[in-house]
Amino acid sequence: MKYVIALVLVVAAAVEAAVMVTQTRGQGCVTVEPAYNFVNSMYEGRWYEIGRIQTPGGAAFQKDCWCDTTDFHSETQLTGDGEATYSCRKHGPDGDLQSATADLFFDGIAGKFKQQFRFPFAPQLDYTVVFVDEDVAMEYDCDTTFGITNYCIHFMARTPHMDPAKLDTLIFYAESLGLNTQNITYKATEQEGCW
């Protein structure tokens, strides 16, 4: 009986390892469930980016950025379309302000959207709010175009700072969901002197 249990555990570990290897090879975006408690009104308003795990292709807009924010707005309280405006300052708190707005199209489940930036040739991304409470949120967006997968996991808070233990818990949660398929290193966002 002990050998049967041991064999089952070995097989389960092998299957899990095979799944992780497949994801690491960049087979595309990870399908993830949104936050169980998501409603648009809970996500409404300003979020300060505390940090991110982001592939180089997705990082072009945020290169040399400080003071990163996301402002979400929707006309509906529960579910439905919305928009997100991303803003930052280039090279420091006094740098030039840059921003980009994306439409978020409700994708059938509260917290899941298709994101479309308002500039020519922008790909449509999967956009999922993976975790949200009154203080913090974690969002995962991803796209595979021409066989290349780019993604970002944004860690955000209602203030420019987040409790380090809570941030560590969110990073661990993202990793446990297999969202960081390319093993990108977490990068903190500069918020000092911005507000």
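This is a predicted model: local features need pLDDT of at least 70, side-chain atom pairs count only at pLDDT 80 or more; totals for chains, interfaces and linings use all residues.
**Surface and confidence**

I started with the surface: the accessible area of the protein chain is about 10,800 Å², and carbon and sulfur atoms own 60% of that. The areas are Shrake-Rupley values with a 1.4 Å probe, and for residues only the protein chains shown count as cover.

Residues are numbered from 1 along each chain as its sequence is written, and side-chain values use heavy atoms, with hydrogens and water left out.

I checked confidence next. The protein chain averages a pLDDT (the predictor's confidence in each residue, from 0 to 100) of 86, and 86% of the residues reach at least 70. Residues 1–25 are below 50, and beyond near neighbours in sequence that stretch has six contacts in the model. Contact here means heavy atoms within 4.5 Å.

**Overall layout**

I looked up the secondary structure and found three helices and nine strands in the protein chain. These are DSSP runs numbered from the N terminus: helices are H or I with at least four residues, strands are E with at least two. The order from the N terminus is α-α-β-β-β-β-β-β-β-β-α-β.

Of the 195 residues in the protein chain, 41% are buried. My cut-offs are under 20% relative accessible area for buried, over 50% for exposed and partly exposed in between, with a 1.4 Å probe and protein chains only. Taking contacts between residues at least 6 apart in sequence, I get 56% that join residues at least 24 apart.

**Helix H3**

H3 covers residues 164–176, and its 13 residues at 1.5 Å each should span 18 Å; the end C-alpha atoms are 18 Å apart, so that agrees. The expected span is 1.5 Å times one less than the number of residues.

Which residues of H3 are buried? I have Leu167, Leu170, Ile171 and Ala174. Down the axis of H3 they fall within an arc of 100°, so they line one face of the helix. The arc is taken over the directions from the helix axis to the C-beta atoms. On the face turned away from the buried side I find the exposed residues Asp168, Thr169 and Phe172.

What do the buried residues of H3 pack against? They pack against strands E1 (45–54), E6 (124–132), E7 (136–145) and E8 (148–157). After H3 comes Gly178, with a positive phi near 75°.

**Salt bridges**

I count seven salt bridges in the structure, each being a side-chain nitrogen of Lys or Arg within 4 Å of a carboxyl oxygen of Asp or Glu.

I followed Arg118 first. Its side chain meets that of Glu83 in a salt bridge at 2.8 Å, N to O. Glu83 sits in strand E3 (residues 82–90) and Arg118 in the loop between strand E5 (112–117) and E6, so the pair ties together parts 35 residues apart in sequence. Glu83 is partly exposed at 26% relative accessibility.

Asp103 also forms a salt bridge with Arg118, with the closest N and O atoms 2.6 Å apart. Asp103 lies in strand E4 (residues 97–106) and Arg118 in the loop between E5 and E6, so this pair ties together parts 15 residues apart in sequence. Asp103 is partly exposed too, at 22%. I therefore wrote Glu83, Asp103 and Arg118 down as one entry, given the pairs above; they are linked in a network of salt bridges.

I also looked at Asp64 with Lys63, where the closest N and O atoms of the salt bridge are 3.6 Å apart. Asp64 is partly exposed at 35%, and Lys63 is exposed at 51%.

**Positive phi**

Most residues other than glycine have a negative phi, so I noted two exceptions. Cys67, in strand E2 (residues 65–73), has phi near 60° and is buried at 5% relative accessible area. Phe121, in the loop between E5 and E6, has a positive phi of about 70° and is exposed at 85%.

**Pro93**

How far apart are Pro93 and Cys194 in sequence and in space? I get 101 residues in sequence and 4.9 Å in space, C-alpha to C-alpha. Leaving out residues up to four places away in sequence, Pro93 touches Trp66, Cys67, Glu192, Gly193 and Cys194.
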